[in-house]
Structures are given as C-alpha cells and as structure tokens.
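Me: I have a model open and want to go through it with you. Pockets to begin with, then sheets and side chains.

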Amino acid sequence: MVTLLIVIPVLLTHLNSRPGNTDSLATSTGTAVLTRTDQVTSADVIKMTPDHGRGVTAGMEAAGPAPTDKPVSTTTKDQANKKQVITFGDKSGPGKLQRARGVAVSPDNKIWVADRAQPRLQVYSMGGAHLYHFPQGSAGLGYSSKEPQDVSIDRDGHLWVLMSGYPTSSDAVAQFDRKGHLRANFDLPGTVPRIAPRGMAVGLRNNHVFVTWSGGYSGGVQAFQPDGKCLWEVGPQQRMMTPMNVAVNGDGNIFVSDFNTHFIYIYDENGQFVKMFGGPGRSDSNLSHPQGIGADSSGHIMVVDDSNQRVVVYTDRGEYVRHIAVHVKLPTRVAVGPGGQLVVINYNTITVFPRY
C-alpha cells in the first residue's frame with residue numbers, strides 16, 4: 001500500500017492526553033504531515049486561523065451576514081475529498097468564545113453556542129467561520145440579568161435557550177424563531193437548588209422541555225410543557241448527585257448525565273426510571289465525570305467523558321459501542337450535525353469531527 005504524505009504549514013496544538021490533566025495548552029507553529037486515510041484519528045488537531053482560507057460558499061450558507069472568521073483551508077487538488085478535524089472559536093474577534101456552555105446544530109449545518117460571557121448566541125458554519133450573533137440587530141436575548149447557559153432546537157427548527165439568573169434572579173427558558181422573535185418563555189420554579197450548572201433539552205415528539213438541577217449532593221431533572229407547566233420531576237429517588245446535562249432521543253426517552261456519580265440515567269417520556277449505565281472507570285463503557293450528552297438519528301447516545309478526554313458512543317439501551325479520543329482539553333458538550341459530524345466544545349473552542 002502506498003501512503004501519500006502532504007505537507008502543509010499549519011498551527012498545531014499539542015494536548016496532553018492524560019485524563020483530567022489541567023495543564024495549559026502547549027501551542028507551537030510547525031509543519032503538519034497529513035496522511036490520507038479513511039478514518040478520523042486522534043492526531044494533532046488543526047487550528048483554524050481567521051486570516052486565511054476561502055471562507056464559506058453560498059451553497060454552504062445561504063443566509064446571514066458574511067463570515068467574519070475564515071478558517072485556514074487544508075484542501076489540495078490531490079486531497080479534494082479529504083476531510084480534516086478542525087478546531088476554532090478561540091481567536092480574537094467577534095467569534096471568540098470565553099465561557100461556552102451549550103451547543104446545538106441545526107439542519108442547515110449551523111452551530112449554535114451559548115456562551116455565558118455573551119448576551120447573545122454565537123453562530124458558526126460547520127467549516128469554522130463565525131457567521132453572526134443571534135438575535136441579529138439586538139443587544140441580547142431580552143434578559144439583561146441572565147446569561148445563556150444552554151441551547152436546543154425543536155422539531156420546528158425554533159431555538160430554545162436556557163437562561164441562568166443565578167444568584168440574583170430566577171432561571172428562565174425562552175423560545176425564539178430563526179429571525180430572533182420571541183415565541184414563548186417561562187421562569188423555572190424556585191423550588192430546587194441551583195448550585196451546579198444546569199442543562200436543557202427539548203423533545204422532538206412534543207416539544208417538552210427537560211431541565212436538570214443540583215444542590216451538589218442531590219439533583220434531578222424536571223419536565224415542562226412548552227407553556228411552562230411542570231409535568232414531573234425525578235432524580236433524587238435514584239440518588240443523583242450532580243446531573244448537569246440531558247438529552248432526548250427519537251422515542252422520547254430521556255438521558256441524564258451525572259458528573260459525580262459517573263452514571264447515565266434513562267427515563268421514559270412519563271418520567272419512569274428505566275435503567276442506568278456507565279459508572280466510574282477509564283475504559284470501554286465506564287465514565288469519569290460525564291458531561292455533555294446527545295442522541296443521533298440512528299439511536300446512538302453520545303456522552304462526553306470529560307476526564308478521559310473522549311466521547312463514548314452507546315446504544316439507546318446503554319450498551320457500549322465505541323469511543324472517540326477527542327484530545328480536547330476538558331471537553332464539556334457534544335452535538336451531532338445532519339451530515340454525521342460530531343461537534344465537541346469546551347469553554348473556548350469548538351472541534352468538528354467529519355464523522356464518528
């Protein structure tokens with residue numbers, strides 16, 4: 001077999017792959033040797049710089065302002081069909097992330113990020129270009145005393161944003177159409193503690209909204225109708241401690257990741273406990289401080305295994321399928337694109353894997 005090596009000058013970020021390592025990134029400018037392959041590897045991630053590249057074509061993004069951040073292009077004639085893992089979001093400019101907490105991908109391949117340091121959502125193309133802030137032409141999401149903490153997209157393509165008012169005001173959930181018009185909103189009840197960050201997901205079957213909560217030693221998830229009526233609450237019965245993220249699959253089942261018990265909890269759409277899976281460990285089906293969680297159209301459940309720097313793929317019954325070594329420092333959230341892309345964020349970067 002002949003291996004074709006293509007040498008491209010890029011900016012490399014070398015990440016310490018030891019689980020839980022909190023050392024700073026060691027960044028250096030060098031030459032990347034790219035090997036043609038049909039599989040995504042856990043090699044060095046190519047960083048996107050805003051002053052190079054071709055930007056986004058009209059076919060990729062039909063609407064929205066011109067991108068302000070244009071990532072470096074790594075495609076050559078011999079490499080036309082070669083797709084690379086890309087990382088972006090940490091460069092200076094309007095698309096710079098600082099405290100990213102939530103991520104969602106819309107059917108038109110836009111990446112929506114809730115950054116607690118910004119009063120609006122950040123919107124990027126799948127190719128790494130910063131497109132605009134949402135809502136456009138507005139100073140914020142309409143909550144001057146709250147910060148965006150999570151984002152989800154419903155069956156009609158509308159955006160749901162979880163707003164944190166901690167510690168001075170109540171948390172809230174708001175629904176926006178794609179033009180930025182407010183469609184619905186409600187305050188979350190103040191009957192539960194808010195020590196840990198909260199996560200949110202919207203079910204595609206009925207637009208029910210699911211929000212986690214935790215007091216540090218006990219926690220759970222609440223289900224709401226789109227008008228804010230609380231349907232049910234679960235979690236303490238299963239001894240949850242720090243549930244921080246939630247996902248809903250196509251069957252309406254709810255999956256909750258608990259940062260401190262290291263388990264994933266499954267409930268049906270009526271709030272009945274089904275089972276739990278995962279558990280503390282560093283290999284295969286085990287987890288160490290799971291955070292972000294998502295479901296794809298094939299029924300797979302993706303879990304960000306924070307301390308192990310990977311994303312673990314399970315069936316919807318909690319059976320281990322495989323894992324992807326993401327080599328992202330302290331990964332926190334995950335989403336799946338319509339073309340099978342895996343989108344992983346931490347507090348100041350977005351990494352896109354072309355497949356998983």
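Me: How much space lies in the largest pocket?
Reply: About 880 Å³. Keep in mind that this is a predicted model.

Me: Which residues lie nearest the centre of that largest pocket?
Reply: Val105, Ile153, Leu204, Ala295 and Val336. The lining as a whole has 38 residues.

Me: And which elements give two or more residues to the lining?
Reply: Strands E5 (100-105), E9, E13 (200-202), E17 (243-248), E21 (290-295) and E25 (333-336).

Me: OK, sheets. What is the strand order in the open sheet with E9?
Reply: The order is E9-E10-E11-E12, four strands with antiparallel pairing. E9 (147-153) and E12 (182-187) each have a single partner strand, so one side of each has no neighbour in the sheet. On average, neighbouring strands of this sheet are turned by 20 degrees against each other, with direction ignored.

Me: How many bridges are there between E9 and E10?
Reply: Six, in the antiparallel sense, with E10 covering residues 159-164. As for individual partners, Ser152 is bridged to Trp160 in E10.

Me: Switching to aromatics. How many pairs does a search of the whole structure find?
Reply: Eight aromatic pairs. Take Trp112 and Tyr132: the ring centres are 6.4 Å apart and the planes stand at 80 degrees, so this pair is edge-to-face.

Me: Why edge-to-face, what's the cut-off?
Reply: Planes over 60 degrees apart count as edge-to-face, and the planes of Trp112 and Tyr132 are at 80 degrees.

Me: Where do the two residues lie in the fold?
Reply: Trp112 is in strand E6 (residues 110-115) and Tyr132 is in strand E8 (residues 130-134), so the pair ties together parts 20 residues apart in sequence.

Me: Are they buried or exposed?
Reply: Trp112 has 0% relative accessibility and counts as buried. Tyr132, at 9%, also counts as buried.

Me: Which residues do ring pairs link into a cluster with them?
Reply: Phe134 and Phe176 join Trp112 and Tyr132 in that cluster.

Me: Last topic, the largest nonpolar core. Which residues touch the most other members?
Reply: Trp112, Leu121 and Phe134, out of 18 residues in that core. Elements giving two or more residues to this core are E6, E7 (121-125), E8, E9, E10 and E11 (172-176).

Me: What does the second core include?
Reply: The second core is separate and has 15 residues, including Leu97, Ala100, Tyr124 and Val352.

Conventions
Residues are numbered from 1 along each chain as its sequence is written. This is a predicted model: local features need pLDDT of at least 70, side-chain atom pairs count only at pLDDT 80 or more; totals for chains, interfaces and linings use all residues. Side-chain values use heavy atoms; hydrogens and water are left out. Rings of Phe, Tyr and Trp (its six-membered ring) pair if their centres lie within 6.5 Å; planes under 30 degrees apart count as stacked, over 60 as edge-to-face and the rest as tilted. Buried means under 20% relative accessible area, exposed over 50%, partly exposed in between (1.4 Å probe, protein chains only). Two strands pair if DSSP finds at least two bridges between them. Axes are lines fitted to C-alpha atoms, for helices over the stretch in contact, and angles run from 0 to 180 degrees between N-to-C directions. A nonpolar core is a set of buried Ala, Val, Leu, Ile, Met, Phe, Trp, Tyr and Cys residues joined through side-chain atoms within 4.5 Å. On a 1 Å grid over the protein atoms alone, a cavity is a set of points where a 1.4 Å probe fits but cannot get out, and a pocket is an open set with protein on both sides within 12 Å along at least five of seven lines; lining residues have an atom within 4 Å of a point. Grid points are joined across faces, edges and corners, and a volume is the space filled by probe spheres set on the points.
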